[in-house]
Amino acid sequence: MSDPLPAANSAAPDRRRRWLSPEGIARGGLVLVLVWAVVAYIVLPLAWRIATRRHPALFNAPTRTHTASGIPGDPVNLGLIATEIELHRGILAAGWFPADPLTLKTSLRIAADTIFHREYTDAPVSSLYLFGRKEDFAFEQPFGDDPRRRHHVRFWRSPEVDADGRPVWFGAATFDERVGLSHTTGEITHHIAPDVDAERDKVLADLKKAGALADETWIDGFQSQLSGKNGGGDPWETDGRLGVGVLQAPTSLPAEKAPGDASAKD
C-alpha cells in the first residue's frame, strides 16, 4: 500500500528538470516578457489615465484667462500634473527658457532687441490672470533672431492637489507672431497666431522628446467656445481639447537648473 508514494514524490524532480531545461527557461522568459508587456503597456498607462481624469482640479476647471482689467485673454489649453520641481525640470529639459520678470528694465530691453534684431531668449511676457492671480511661471522658446516671434506658455498652479500632493499646472500656450498695437487698448503688445492647438501640442511633444512626460491624456470638450479673441483683440481657434500630461523629473537635467530661477513673477 506504500508503493505509490515514491512515484508521487518523483514528479517534483521531473518538473524541476523540465523548468531548468533550455526549453523551460525559454518558456519562463517568454512568460516574464508577456507579463512585463501587459503591465507596462496596458495596466500602468490605464492607471495613469484613471488617476489623471480623477484629479480634483480637472473638475470645473477655468477655461479662459483674463487681463488685469478683466478682458478675456488666451484660452487654457494645457494641464501638467507635477510637483513644482518636476514642472521646472521637465520644461527646462524640453528646451524652454524661463521668462524674465516684467520690469521697466526688461521692457526696454525687449523693445530694443526687437528693433535691432537681437536675441533675447528669456524675454518677459505680459501678465494674464487665472484663479484671481497672474501666472505663477512663464516659459518661452525663441523663433528667429529677436523676441518679435516666440513660442510661450504661462502656468497657474491649481488650488487642489491629488492624493500624492501634486497640483495641475494649467497652461495657456500661444505663439507670438509679431509686435504691434493692441486692438483693444492701443498699447504695444505681441499679437498671437490663431492656431493655439499647435502650441499646446508642441509643449507636450517637447516634453515627450525630453523624456519628461510619463503619460498624457485628452479631455474632449474642455473648451465650449472654439474661437474668440484674446485681450489684445487677436483671434484664436481651438478643437476644444485640454491636453493633460503627467510629468516625471528627467534624470539628465543638471540639478543646478531646477527649480528656483524659472519664475515669471515681478
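Trainee: Where is Phe131?
Mentor: Phe131 is in the loop between strand S5 (129-130) and strand S6 (133-134). Helices (H or I, at least four residues) and strands (E, at least two) are DSSP runs, numbered from the N terminus. Before going on, note that this is a predicted model: local features need pLDDT of at least 70, side-chain atom pairs count only at pLDDT 80 or more, and totals for chains, interfaces and linings use all residues. Residues are numbered from 1 along each chain as its sequence is written, and side-chain values use heavy atoms, with hydrogens and water left out.

Trainee: Back to Phe131, then. What is its phi?
Mentor: Phe131 has a positive phi of about 60 degrees, although it is not a glycine. Most residues other than glycine have a negative phi.

Trainee: Is Asn60 buried or exposed?
Mentor: Asn60 is exposed, at a relative accessible area of 81%. Buried means under 20% relative accessible area, exposed over 50%, and partly exposed in between (1.4 Å probe, protein chains only). Phe131 has 31%, so it is partly exposed.

Trainee: How many helices and strands are there in the protein?
Mentor: Six helices and 14 strands. The protein has 266 residues, of which 43% are buried.

Trainee: Next, S1 and S2. How do they run?
Mentor: Antiparallel: strand S1 (residues 64-66) is joined to strand S2 (residues 72-75) by two bridges. Two strands pair if DSSP finds at least two bridges between them. His66 stands opposite Pro72 in S2.

Trainee: What lies between S1 and S2?
Mentor: Five residues, and the two strands form a hairpin. Gly70, in the turn, has a positive phi of about 90 degrees.

Trainee: Which residue forms a salt bridge with Asp74?
Mentor: Arg154, with the closest N and O atoms 3.5 Å apart. Asp74 lies in strand S2 and Arg154 in strand S8 (residues 150-161), so the pair ties together parts that are 80 residues apart in sequence. A salt bridge is a side-chain nitrogen of Lys or Arg within 4 Å of a carboxyl oxygen of Asp or Glu. Both Asp74 and Arg154 are buried.

Trainee: How many salt bridges does that rule give?
Mentor: The count comes to 12.

Trainee: Which residues are linked in a network of salt bridges?
Mentor: Asp197, Arg200, Asp201, Asp239 and Arg241. Among the links, Arg200 meets Asp201 at 2.9 Å, N to O, and Asp239 meets Arg241 with the closest N and O atoms 3.3 Å apart.

Trainee: Why does Arg200 count as buried?
Mentor: Because its relative accessibility is 1%. Asp201 is at 32%, so it counts as partly exposed. Asp239, at 36%, is partly exposed, and so is Arg241, at 27%.

Trainee: Now helix H6. How far apart are its end C-alpha atoms?
Mentor: They are 20 Å apart. H6 covers residues 196-209, and at 1.5 Å a residue its 14 residues should span 20 Å, which agrees. The expected span of a helix is 1.5 Å times one less than its number of residues.

Trainee: Which residues in H6 are buried?
Mentor: Val196, Asp197, Glu199, Arg200, Val203, Leu204, Asp206 and Leu207. An α-helix has 3.6 residues a turn, so residues three or four places apart point the same way.

Trainee: What is at the start of H6?
Mentor: A side-chain oxygen of Asp195 reaches to within 3.3 Å of the backbone nitrogen of Asp197. H6 is followed by Gly211, which has a positive phi near 80 degrees.

Trainee: Last one. Where is Glu216 found?
Mentor: In strand S11 (residues 213-219). At 17% relative accessibility, Glu216 counts as buried.

Trainee: Which side chains does the side chain of Glu216 make polar contacts with?
Mentor: Lys208, at 3.0 Å, and Trp218, at 3.3 Å. A polar contact is a pair of N or O atoms within 3.5 Å; within protein, one must be able to donate a hydrogen and the other to accept it, and residues adjacent in sequence count only if both atoms are side-chain atoms.
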